[in-house]
Amino acid sequence: MSSFELLPGDPGSPVLLHVPHSARAVPQDVRAGIVLDDAALERELDHITDAHTAELAGRAAALAGVTPWRFVNRLSRLVVDPERFPDEREEMTAVGMGAVYTRTTHRAELRPAGTDPEPLLERYFRPYAAAMTEAVAGRLAATGRAVVIDVHSYPTAPLPYELHGSGPRPPVCLGTDAFHTPPELTAAAREAFAFCGETGLDSPFAGTYVPLEFYGTHARVHALMVEIRRDVYMAEPGGPAGPGLDRLASALAALVDAL
């Protein structure tokens, strides 16, 4: 099984819905390096997984007037987190949650101290980054621009790993980047998600994902992170989706159509 999948959209669409944290799958050889027992691992997956976000992106793509492209991670972020910096730039390394996690959401041990991240970076992180770079380059070549919409969710109550968990936790948090998120993109998202409840900016999670090849240098690559508070659409932690998922899919489709 490939660790990721690019699902084609309309050739003329600049939009790429990126879903990095929706999966729970952990290959058996990677599982062997995790110290949690099976029950504890399932609980950790409940907390760390952005459940149902791949389904959300799929429903939105089906509803949109012009079908966006989708890039979906098929493995859990406990394998590697493709959105972290793989080096000292990553602030989450301070809590053991860089590109390869060594601690859990509750700051317990996930992998033994001294675990070498390089084998996982080489096997999973770099191929993912290369494929995502290629996907964005494809939208640039085809349409002259690319718009990466990062689809996430977050828990209603802060978890111990959060570095900025004391701020507002609105139903929809929009993560922005000073270079890659133009005001009109933020405004379009606020309008699209208005009927889903209050939208906030960069709290409790800030920033958005752009492949490093384009980061800070390619102004035609726009990006926005959409973080949905989980009680808006699902039972926490790790439970089934509810009727809020349909409302959110319509809102995300409206955003896609506005772009």
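Me: Which helices and strands each supply at least two residues of the lining of the largest pocket?

Reply: Rolling a probe the size of a water molecule over the atoms shows where empty space is left. In this predicted model, helix H2 (38-48), helix H4 (118-143), strand E4 (146-154) and strand E7 (221-229) each do so; E4 gives the most, with four residues. Helices (H or I, at least four residues) and strands (E, at least two) are DSSP runs, numbered from the N terminus. A pocket is an open set of points on a 1 Å grid over the protein atoms alone, where a 1.4 Å probe fits, with protein on both sides within 12 Å along at least five of seven lines; lining residues have an atom within 4 Å of a point.

Me: What volume does the largest pocket have, and which residues are closest to its centre?

Reply: The volume (space filled by probe spheres set on points joined across faces, edges and corners) is about 870 Å³. Of 43 lining residues, Glu-83, Arg-84, Glu-90, Ala-206 and Gly-207 are the closest to the centre.

Me: What is the strand order of the open sheet?

Reply: Strands of a sheet pair through backbone hydrogen bonds, either parallel or antiparallel. Here seven strands follow the order E1-E3-E2-E4-E7-E5-E6, with mixed pairing (at least two DSSP bridges per pair). Strand E1 (4-7) and strand E6 (199-201) are the edges, each pairing on one side only. Strands E2 (residues 15-19) and E3 (residues 69-73) run parallel, joined by four bridges; Leu-17 stands opposite Arg-70 in E3.

Me: Which conventions apply?

Reply: Residues are numbered from 1 along each chain as its sequence is written, and side-chain values use heavy atoms, without hydrogens and water. Local features need pLDDT of at least 70 and side-chain atom pairs count only at pLDDT 80 or more, whereas totals for chains, interfaces and linings use all residues.
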